[in-house]
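Student: Hi! Could you walk me through part of this fold while I have it open on my screen?
Tutor: Happy to, let's take a look together.

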Amino acid sequence: MTTTTNKLTQHRYYLSEEELPKRWYNLAVDLPYDIEPHLHPKEDRVAEEADFDWLWPTECLKIELLKGHYATDSWIDVPEPVLAAYARFRPSPLVRARGLEEYLDTPHRIFYKREDLNPGGSHKFNTALAQAYYAAQDGVETLVTDTGAGQWGTALALACATFGLKLKVFMVRKSFDEKPYRRNLMRMLGAEVISSPSTMTSTGRGVLERDPNSPGSLGIGMAEAVELVRTDPTHRLALGCMSYYAALHQTVIGLETQAQLAQAGVSADVLVGCVGGGSNFTGFVAPFVTGDDVPLCIAAEPSSVPTLTKGEFRYDWADYERQTPRIPMYTLGSDFVPPPIHSGGLRYHGKTPILSSLVKNGLVTPRSFDQQDVFEAGRLFLRTEGVLPAPESSHAILAAIKEVRNTPAGDRPKNIAICLSGHGYLDLQGYADVLDLG
Ligand SMILES: Cc1ncc(COP(=O)(O)O)c(C=O)c1O
């Protein structure tokens, strides 16, 4: 790959407000293979819009099923009100990790894209705004969702406040109990936050009957959200990670990164991100995977939720109760309840079909990491860069560190970009527990 050094003395790379991407990149259209369609949850046929018009805001449903111009156009305009809301916090800087480079004593260049600088503290805001906007356009009164660590719920609560919607959030019990700050932030923003599994739905009651101590999971939370939407026509579902539409909206991350690396005068050799449902990673790598010279794209997941590294590629449901379409993806099974690790946003059994297809076709390399090592990497990043990553993002940091360490000495310096999907300042208890801070 071509590399020049003209702008490499800079620490941070900024884009102006005018350079904020005005279109999302619809990767599915440009891939050299077809993505298999979603199937009806129970019947042996392709899922149609009419099957799910009660569940999703219209535009989200069309994106999800690749209908209309989503089936043909590589670029999708960001609606003006969403763009205006993005502009309050974007474009976000790309930062050269000089402190980490120095610590690692490496000639390789490490960059990180800061998705932690909006009030929600993570990339989730990029899709939350779009989903709330589309729901408001449809006249929806209330959005319903599930959240793990609470970043998604917080981002959506902020987006619902922006576009005048009510919000109900099923928060995975393990995080609900351990992360009171995010719970309270969502409530301050006007959201109703319910611990999942809950007694509000038959799904939740069933899980609690079988296991009163169930820590919950994103699959269970999603099943509760879907059940609630089914009972009230003024409600619709919002999904932060698993959907194609969430991944589409996250392409602003990759598009900005591409422009910022060009500003630095380098091209990416390695791109690294963490994967829960797969949205931040897919949005980050999307503009890079259809060119001639595809970088090494590393998807980092927890070894206790090894969906991409050990899961099976097949049709599966996105939720625990099998109400969503069946989707072609890597999965550990929709009834898999992940162990209660501290990276709440990565405790999900499946990966979005677009990412699953990239892995299946060899364009993305999955790797898995143990919690202790991940949290040590988060601590190292705090000490060397002065930023505390979300535990989820620390998976990506560890993957990048390992890539640096495993590259033979004497190799040409590589340009490695990490997606810092969120900050960890509200996850300090998790860090304290795992790192035994006393
Ligand atoms: C900070 C952060 N990073 C990553 C993820 C994983 O989600 P996804 O893989 O959809 O980006 C989450 C999910 O909650 C998150 O909060």
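Student: How many bridges join E7 to E8?
Tutor: This is a predicted model, and in it E7 and E8 run parallel, joined by 5 bridges.

Student: And which residue is the bridge partner of Val-172 in E8?
Tutor: That's Ser-196.

Student: What order do the strands of the sheet have?
Tutor: The order is E8-E7-E6-E9, in an open sheet of 4 strands with parallel pairing. E8 and strand E9 (235-237) are the edge strands, as each pairs on one side only. On average, neighbouring strands of this sheet are turned by 25° against each other, ignoring direction.

Student: Okay, what packs on the sheet?
Tutor: H6 does, touching strand E6 (142-147), E7 and E8. The direction of H6 makes about 165° with that of E6. There's also helix H10 (residues 218-231), which lies across E6, E7, E8 and E9 and runs at about 165° to E6.

Student: Switching to H8: which residues of that helix are buried?
Tutor: In H8 (residues 180-188), they are Arg-182, Arg-183, Leu-185 and Met-186.

Student: Why are they on the same side of H8?
Tutor: Because they cover an arc of only 160° around the axis. As a general point, an α-helix has 3.6 residues a turn, so residues three or four places apart point the same way.

Student: What covers those buried residues?
Tutor: The cover includes helix H6 (151-163), strand E7 (166-172), helix H7 (173-178) and strand E8 (192-196).

Student: Last one: what follows H8?
Tutor: Gly-190 follows H8, and its phi is positive, near 105°.

How values were computed. Residues numbered from 1 in each chain as written. Predicted model: local features only at pLDDT ≥ 70, side-chain atom pairs only at ≥ 80, totals over all residues. Buried ≥ 20, exposed ≤ 12 C-beta atoms within 10 Å, placed from the backbone. Helix = DSSP H or I, 4+ residues; strand = E, 2+ residues; numbered from the N terminus. Arc of directions from axis to C-beta. Contact = placed C-beta atoms within 7 Å. Pairing = 2+ DSSP bridges. Axes fitted to C-alpha atoms, helices over the stretch in contact; angles between N-to-C directions.
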